[in-house]
Amino acid sequence: MYKSIISYSNAEGDALGKVSSQPMYLKMKRKKRRLIKYIFCLTTALTFFTLCCITILPAIIVFPDGSPETSQGSDAMFSSDASAGTGRPPAGATEDSPSMEQELPPAETPDLLAYIEIEAGALEITAADLFEDYRGEEVVFDTILSAKELGMAGTVHELHVKCREIPFTVTVRIIDTTPPVIEGVNALSMPVGGNISYKKSITLSDNAEGDILLTVDSSSVNTNIPGTYPLYYTAVDSSGNETVAETTVTVTRDYIPTEEDTNALADAVIEEVITSDMSAYETAYTLWLWCGDNIRYAATSTARENFWEYAYDGLTRKSGDCYIYCATYALLLTRCGIDNLYVSRVGGTTDHMWNLVNTGDGWYHCDASPRQRNYPYQCFMQTDAQVQAYTKLYTGRPNYYTFDASLYPERETTVIFGPDPGQGP
């Protein structure tokens, strides 16, 4: 083989190009090689692009369920059914969910309880009470228990209901495990020797129907010695549930009563012993007896600024001397609308006080304090002559009922309550 090259130039001698004299088949062979090379490169590029589409693009494509598809090939990308040929359920479905073509399984029978217990006092029985694990099932109640029935502990009822159109009968027992409630338990205070109502402010309530028994344990309270003592309230309902409440009682010497307090105490005595059909005379006599029976004589009493304070001692401590008897009787008479006055002894080494009382028949002497055993005397509605006769007999106190008559209204002389003057009791 050979080749020749012919050069061309212009008139100035510049080279204009070269013309090969090689054979034509050699030129065609070289073009064929280049074409094969181009086809190979193009095929390789297409193959590489295809592999990228298959392996890389699915990893970054987000499907409608919000998660990237990374486990499937390109069939899932180009198929009109994203789940075809992949074994993968459609987006949003699970393996346990039935497909649209499948029929739903029949509904299970509701799992209602056959027996339930309801705490007494419930407002109503709800659907949630009928299931151990309530999931919102709709229940139609054919039987409605009233509030009274729901409050009767120990009773049993049959409840007829429907759930999913299926009838059920549920046995309902009303139970009571809730203890009663004690309200109004407050710390209390009282003077030495006084009286106090432990139950006055107490109220009881319970969730169930029935009586509530209240007991008060004041065994630790000593009303005669100042101090603070425990007080216990116990309430037991008809089911035996028990509540205990504790407070304190403070007994003090420095309690300052008010006139209103004293009047209230007197009214309580009057309400206890006086009836509406009693005459003024009978009322005065009943109150005179009450003072003699309920107040214990003590030789001394504490000096008080107001006379009604002596009455407070008589109504609370229920002990004292003639001042206590006189003041207590006077207050009781006054609260009943019966006129009365205080009378003071004149002369002698000791003081003494008693009352003048007018029940509508004039003024008479009344003394509720007791007399000594050696000189007994019932000084109720007595004339001047009667009290003077007793004074003469009572040698231990020669001026016992001596008083300044000019200081008091005229007294009656007619004897209306024995004994006769000078005859003793």
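Among contacts in the chain between residues at least 6 apart in sequence, what percentage join residues at least 24 apart? In this predicted model, the share is 50%.

**Overall composition**

The chain contains nine helices and 17 strands. Of its 425 residues, 33% are buried.

**Packing of helix 5**

Two packed helices are described by the angle between their axes and the distance between the axes. The table gives these values for helix 5 (residues 259–273) with helix 7 (residues 307–316) and with helix 6 (residues 280–294).

| Helix pair | Angle between axes | Distance between axes |
|---|---|---|
| Helix 5 and helix 7 | about 45° | 9 Å |
| Helix 5 and helix 6 | about 115° | 11 Å |

For the pair of helix 5 and helix 7, the angle is about 45°. Helix 5 is therefore oblique to helix 7. The two helices cross in a left-handed sense. On the helix 5 side, the contact is formed by Glu 259, Asp 261, Thr 262, Leu 265, Ala 266 and Val 269; on the helix 7 side, the partners are Trp 308, Ala 311, Tyr 312, Leu 315 and Thr 316. By class, the residues of this contact are seven nonpolar, two polar and two charged.

For the pair of helix 5 and helix 6, the angle is about 115°. Helix 5 is therefore roughly perpendicular to helix 6. The crossing of helix 5 with helix 6 is right-handed. Here Val 269, Ile 270 and Val 273 of helix 5 meet Thr 286, Leu 287 and Trp 290 of helix 6. This contact comprises five nonpolar residues and one polar residue, with no charged residues. Val 269 takes part in the contact with helix 7 and also in the contact with helix 6.

Thr 247 lies in strand 12 (residues 242–252). Is Thr 247 buried or exposed? Its relative accessible area is 8%, so Thr 247 counts as buried, the cut-off for that class being under 20%.

Which residues does Thr 247 contact, leaving aside its neighbours within four places in sequence? They are Val 185, Asn 186, Ala 187, Tyr 229, Pro 230, Leu 231 and Tyr 233.

Technical notes:
Residues numbered from 1 in each chain as written. Predicted model: local features only at pLDDT ≥ 70, side-chain atom pairs only at ≥ 80, totals over all residues. Heavy atoms only, no water. Axes fitted to C-alpha atoms, helices over the stretch in contact; angles between N-to-C directions. Helix = DSSP H or I, 4+ residues; strand = E, 2+ residues; numbered from the N terminus. Parallel < 35°, antiparallel > 145°, perpendicular 65-115°, else oblique. Left-handed = near helix turned anticlockwise from the far one by under 90°. Contact = heavy atoms within 4.5 Å. Nonpolar A, V, L, I, M, F, W, Y, C, P; charged D, E, K, R; others polar. Buried < 20%, exposed > 50% of the residue type's maximum accessible area, 1.4 Å probe, protein only.
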